[in-house]
Amino acid sequence: MFAKKFALQTAAPAGAAPKSQGSALALAGATLFLIAAATALLAARGNPYDGAPVARARVTFPRAGHSGSTAPGLAASGALVPAPIAGLAAPGPGGLLPIIAADGRAAWKAYARPFADDGRPKIALVIGGLGLNADAARQAIDALPPEVTLSFSPYADNLQALVDRARAAGHEVMIEIPMEPLDYPDTDPGPYTLMSSSPTLEIQHKLDWLMSRATGYFAVTNANGGRFLSQDKAMAPFVQALRQRGVAFIDDGEAAGRGGGLHRASLGAQIDGDLDGAAIDNQLLALEARALQSGAALGSGSGYPLTVAQVQRWAQAVRDRGYALAPASALMTAKP
């Protein structure tokens with residue numbers, strides 16, 4: 001029986017060279033800056049989680065392109081348009097595979113949640129590991145705001161029904177691609193794990209099965225993958241397949257320098273590495289600090305009930321503090 005992991009892997013690649021003293025000092029300085037920024041937020045506004053009074057400086061931003069009409073890709077109810085969209089799918093080994101339409105339309109845009117940037121600092125969250133526990137997945141879909149991106153295991157039963165439910169609630173979705181971790185087989189992501197030593201044809205066949213488990217996703221993300229992501233020979237057919245099928249790639253932070261030619265993003269801090277309410281709140285405040293510093297921040301979490309509850313509560317107030325909740329697709333860039 002393979003391990004069913006919900007948290008994203010954070011281990012560094014085996015044999016990584018130790019950081020130089022200068023790099024270590026720079027990293028420490030950056031960490032202290034973020035802590036100080038989060039502390040300043042608390043001092044200036046009060047802690048929004050402990051019941052203390054919160055000072056809110058309300059700033060009005062014009063809504064780009066707002067005309068009162070429904071954004072393309074959204075139904076009047078706020079739901080995303082049902083999948084599959086005509087022209088964007090072809091039969092595959094497990095269901096429908098994404099393809100680029102004859103007119104150039106592609107999944108990375110057609111299935112993403114529309115977003116109008118109004119100039120506020122943007123915060124995006126991906127909640128992943130969903131589907132192996134159907135009740136937990138439905139709770140995340142129903143409780144979280146539609147701007148939160150949801151990521152599903154390809155091994156989930158009734159995966160298409162969960163994806164359809166998520167899109168009907170306004171969430172854009174991703175599918176998790178199991179990849180060889182550093183400690184394989186101690187950690188085994190399942191029978192369709194992409195292995196770094198596999199021939200190209202085997203990687204392509206496994207990927208076709210994984211990507212045909214459901215339709216309606218704009219991107220894939222890696223589940224584990226510390227070893228696979230580090231191997232150029234293994235990554236080449238993976239990247240080529242996504243490029244040919246018009247699918248984006250958002251990795252867990254271990255492949256930030258890879259994926260040329262794809263619409264890409266890399267996840268930042270995991271908000272529930274420490275599964276404690278106060279710790280999750282602090283990580284959410286740190287995301288706010290990073291968004292203030294750089295204009296945007298992309299975080300991740302797992303579909304634990306505690307994480308969902310903390311994010312739900314935080315999301316109700318973060319807009320009042322001058323931030324925009326954004327789908328993960330809004331923070332992607334195209335790399336040459």
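Helix H3 (residues 134–143) packs with helix H4 (residues 159–168) at an angle of about 15°, and their axes are 9 Å apart. That makes H3 roughly parallel to H4 (angles under 35 degrees count as roughly parallel, over 145 as roughly antiparallel, 65 to 115 as roughly perpendicular and the rest as oblique). On the H3 side the contact (heavy atoms within 4.5 Å) uses Ala137, Arg138, Ile141 and Asp142, and on the H4 side Leu162, Arg165 and Ala166.

This is a predicted model, where local features need pLDDT of at least 70 and side-chain atom pairs count only at pLDDT 80 or more, while totals for chains, interfaces and linings use all residues. Residues are numbered from 1 along each chain as its sequence is written, and side-chain values use heavy atoms, with hydrogens and water left out.

The axes of H5 and H6 come within 9 Å and cross at roughly 45°, so H5 and H6 are oblique to each other.

| Pair | Angle | Axis distance |
|---|---|---|
| H3 and H4 | about 15° | 9 Å apart |
| H5 and H6 | roughly 45° | within 9 Å |

From H5, the residues in contact include Ile203, Leu207 and Met211, and from H6 they include Phe238, Ala241 and Leu242.

Let's stay with H6. Its buried residues (under 20% relative accessible area, with a 1.4 Å probe and protein chains only) are Ala234, Met235, Pro237, Phe238, Val239, Ala241, Leu242 and Arg245. Just after H6, Gly246 takes a positive phi of about 70°.

Definitions and conventions. Axes fitted to C-alpha atoms, helices over the stretch in contact; angles between N-to-C directions. Helix = DSSP H or I, 4+ residues; strand = E, 2+ residues; numbered from the N terminus. Buried < 20%, exposed > 50% of the residue type's maximum accessible area, 1.4 Å probe, protein only.
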